[in-house]
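Please look over the sequence and the model shown below.

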Amino acid sequence: MKTAVIIPSRYASTRFPGKPLALVKGKPLIRHVVERVRKCKKIDFIAVATDDKKIFDAVKSLGYNVFMTPKSCKSGTDRLAFTAKKYLKNYGIFINVQGDEPLIEPSLIDNLAFELKKNKKLEYITAAFPIKKEEDIKNPNIVKVIFDKEGYALYFSRSVIPYNRDNVKNVKYFKHMGIYGYKKDFLINFAKSKPAMLEKAECLEQLRALETGKKIKVIISGKDSVGVDTPEDALKVERFL
């Protein structure tokens, strides 16, 4: 079963317009992401998916694969599903690496692909990283996830989960990392489904799957990743690089 990494990328970011083409250490942000993914060892194909001609032309000029998706694709998942149906019909596994994750760990991407190949029943997978700072636990911009003993998600939330009412010792908190892996049929059907109540309340797409009884495997990453949401984040990434 062949695996494709698709990097959805849009130009009109509210907090950072033109973010994919913003220069970070002299290179467009989207180039850093593609170069990072190219270090993977278990991936058969890599491409950017965008609805913006400026991004399309920039990626094409670098010699990388890029697909144009319609404006009707509202989310990265929609772009993946469109790409899977129109361009990559012979691929069975799709990994969504967000276009603002220039420090994503290649081994994490490989691990998601490996788990999806190994487990025939597994349809949907993501990742988490232990939260170490108290302020991050309470930060609604950092999505938390709790999971069962088999590593399947119980819930994702912007709130503090679990809520430690009696100050139990050694309660662990995990940050949800914005990387997803799907089997093709699941991806296409999921993109067709409508947002449910929990998704609308938390603005978290993965809750649509949980609310309809689907399972999401969560693997624990050994390294965190710093996403770029603002120009200030881009400066932080430059320091890391």
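**The chain as a whole**

Nine helices and eleven strands make up the secondary structure of the chain; these elements are DSSP runs, numbered from the N terminus, with at least four residues of H or I for a helix and at least two of E for a strand. The radius of gyration is 17 Å, close to the 18 Å that the globule rule gives for 241 residues, so the chain is as compact as a globular protein of that length. That radius is taken over C-alpha atoms, and the globule rule is 2.2 Å times the number of residues to the power 0.38.

The model is predicted: local features need pLDDT of at least 70 and side-chain atom pairs count only at pLDDT 80 or more, while totals for chains, interfaces and linings use all residues. Residues are numbered from 1 along each chain as its sequence is written, and side-chain values use heavy atoms, with hydrogens and water left out.

Along the principal axes, the C-alpha atoms fill a box of roughly 55 × 40 × 35 Å. Of the 241 residues, 51% count as buried; buried means under 20% relative accessible area, exposed means over 50%, and partly exposed lies in between, with a 1.4 Å probe and protein chains only. Among contacts with a separation of 6 or more, 67% come from residues 24 or more positions apart, where contact means heavy atoms within 4.5 Å.

**A covered strand**

Strand 6, residues 93-97, is mostly covered, with five of its five residues buried. In a regular strand the side chains alternate between the two faces of the sheet. Here Ile93, Ile95 and Val97 point one way, whereas Phe94 and Asn96 point the other way, and all are buried.

Which strands pair with strand 6? Strand 1 (residues 3-9) pairs with strand 6 in the parallel sense over four bridges, and Ile6 stands opposite Asn96. Strand 10 pairs with strand 6 in the antiparallel sense over five bridges, and Ile95 stands opposite Gly181 of strand 10. Two strands are said to pair if DSSP finds at least two bridges between them.

**Loops and backbone exceptions**

Most residues other than glycine have a negative phi, and most peptide bonds are trans. The loop between strand 9 (153-157) and strand 10 (174-183) holds Pro162, which is joined to Ile161 by a cis peptide bond with omega about -5 degrees. Asn170 is also found in the loop between strand 9 and strand 10. Phi of Asn170 is positive, near 65 degrees, and this residue is exposed, with a relative accessible area of 74%. Lys25 has a positive phi as well, near 55 degrees; Lys25 lies in the loop between strand 2 (23-24) and strand 3 (27-28).

**A loop residue and its contacts**

Val226 belongs to the loop between strand 11 (217-220) and helix 9 (231-240). Is Val226 buried or partly exposed? At 23% relative accessibility, Val226 counts as partly exposed. Leaving aside neighbours within four places in sequence, Val226 is in contact with Asp100, Glu101, Pro102, Leu103, Val237 and Phe240. Thr212 is 14 residues from Val226 along the chain, and the C-alpha atoms of the two are separated by 31 Å.
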